[in-house]
Amino acid sequence: MTETPPRMREEILAYYARGKEDARLRPGGAPAGRLEFWRTQDVLRRLLPAAPACVLDVGGGSGVHAEWLARDGYAVELVDPVPLHVDQASRLPGVAARLGDARELAASDSSYDVVLLLGPLYHLPEQADRVRALAEACRVVRPGGLVVAATINRYAQLHDLLREERYFTPEHRERTDAVLADGRHPHHDEGFFTVAHFAQPGEVTAEFADARLAVEGQYGVEGVAWLMGGVEDWLDDPARREAVLAACRHIESEPTLLGASGHLLTVGRRPSA
């Protein structure tokens, strides 16, 4: 019998129940979040099979990415453990949303062309849970299908706090430095984020291999552009935004720069045999 996975930690559910995730990634939201959105969309549009492929968006939040995928013609189903997110996503045209856990998907074997995990892995502090989520994605994607997972890079918080000059507050510096040892980001009542795991790029590829997924590439989402002063002014201008996206493409898979990005997309394929 399959062991039932533990519930998502209450600190994580409470963090997302505040309802701020939807606005974070949309146009008009925080500069770093908007860059993450545009770049994730840019990479996925180059990787995904043509519509109307079937996409399972696991941990898809309020449906920020599911919305444009459905608009592009994909058949999109979204699973998320946060009731507010499921309610928000279910209102989007062409998106079917339900509650669920990445570690135990209700979907049948080989039932999707693509599985996206753009949030679950960095909220699973234990390696066994991350591999379990990837193995579930491998199970429900068809043979030869793609699995794309997002992770937060190990040094993302250090870079972010340096950029915003908050690193120089002793409490912030102590907490940030502690994460660098093993990637474990604990809950703090006055913290910037919730319980999470910040990964090294090589760590992610090893977990894909443990889940029997053949890694095809890694893509730094924000590259170093997210550390650029005034990036919000560039993103609000379509022509300048395209210049930023083009610059990010130049270095998106450069091994020596993968860890400089805030987020990383790792792409794997379920073997056909």
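**Entry 1: the largest pocket**

A pocket is an open set of grid points with protein on both sides within 12 Å along at least five of seven lines. With that term in hand, I turned to this structure, which is a predicted model. I looked up the largest pocket and noted that about 1000 Å³ of space lies in it. I recorded 40 residues in its lining, with Y15, R24, D160, F192 and F193 nearest the centre of the pocket. I then listed the elements that give two or more residues to this lining: helix 1, helix 2, helix 3, helix 7 (156-163) and helix 10 (231-235). Helix 7 gives the most, with five residues. I sorted the lining of the largest pocket by class and found 16 nonpolar, eleven polar and 13 charged residues.

For the largest cavity I noted a volume of about 450 Å³. Its lining holds 37 residues, and the closest to the centre of this cavity are G59, G60, G61, D80 and G119. I found that several helices supply at least two residues each to this lining, including helix 1 (10-17), helix 2 (21-25), helix 3 (31-47) and helix 4 (64-71). Strand 1 (54-58), strand 2 (75-80) and strand 9 (263-269) also supply at least two residues each. By class, I recorded 18 nonpolar, twelve polar and seven charged residues in the lining of the largest cavity.

For the second largest cavity I noted a volume of about 40 Å³. I wrote down its lining residues as L121, Y122, R130, T151, H197, A199, V204 and E207. Strand 7 (196-199) and helix 9 (201-210) are the elements that give two or more residues to this lining. By class, the lining of the second largest cavity has four nonpolar, two polar and two charged residues.

**Entry 2: residue S261**

I located S261 in the loop between helix 11 (238-251) and strand 9. Is S261 buried or exposed? I classed S261 as buried because its relative accessibility is 0%, and buried means under 20%.

I then followed the side chain of S261. It reaches the backbone nitrogen of V221 at 3.0 Å, and the side chain of S261 also reaches the backbone oxygen of H263 at 2.8 Å. Leaving aside neighbours within four places in sequence, I found S261 in contact with N153, G220, V221, E222, G223 and W226.

Terms used
Residues numbered from 1 in each chain as written. Predicted model: local features only at pLDDT ≥ 70, side-chain atom pairs only at ≥ 80, totals over all residues. Heavy atoms only, no water. 1 Å grid on protein atoms, 1.4 Å probe; cavity = no way out; pocket = protein on both sides within 12 Å on 5 of 7 lines; lining within 4 Å. Points joined across faces, edges and corners; volume = space filled by probe spheres on them. Helix = DSSP H or I, 4+ residues; strand = E, 2+ residues; numbered from the N terminus. Nonpolar A, V, L, I, M, F, W, Y, C, P; charged D, E, K, R; others polar. Buried < 20%, exposed > 50% of the residue type's maximum accessible area, 1.4 Å probe, protein only. Polar contact = N/O pair within 3.5 Å; in protein donor to acceptor, adjacent residues only side chain to side chain. Contact = heavy atoms within 4.5 Å.
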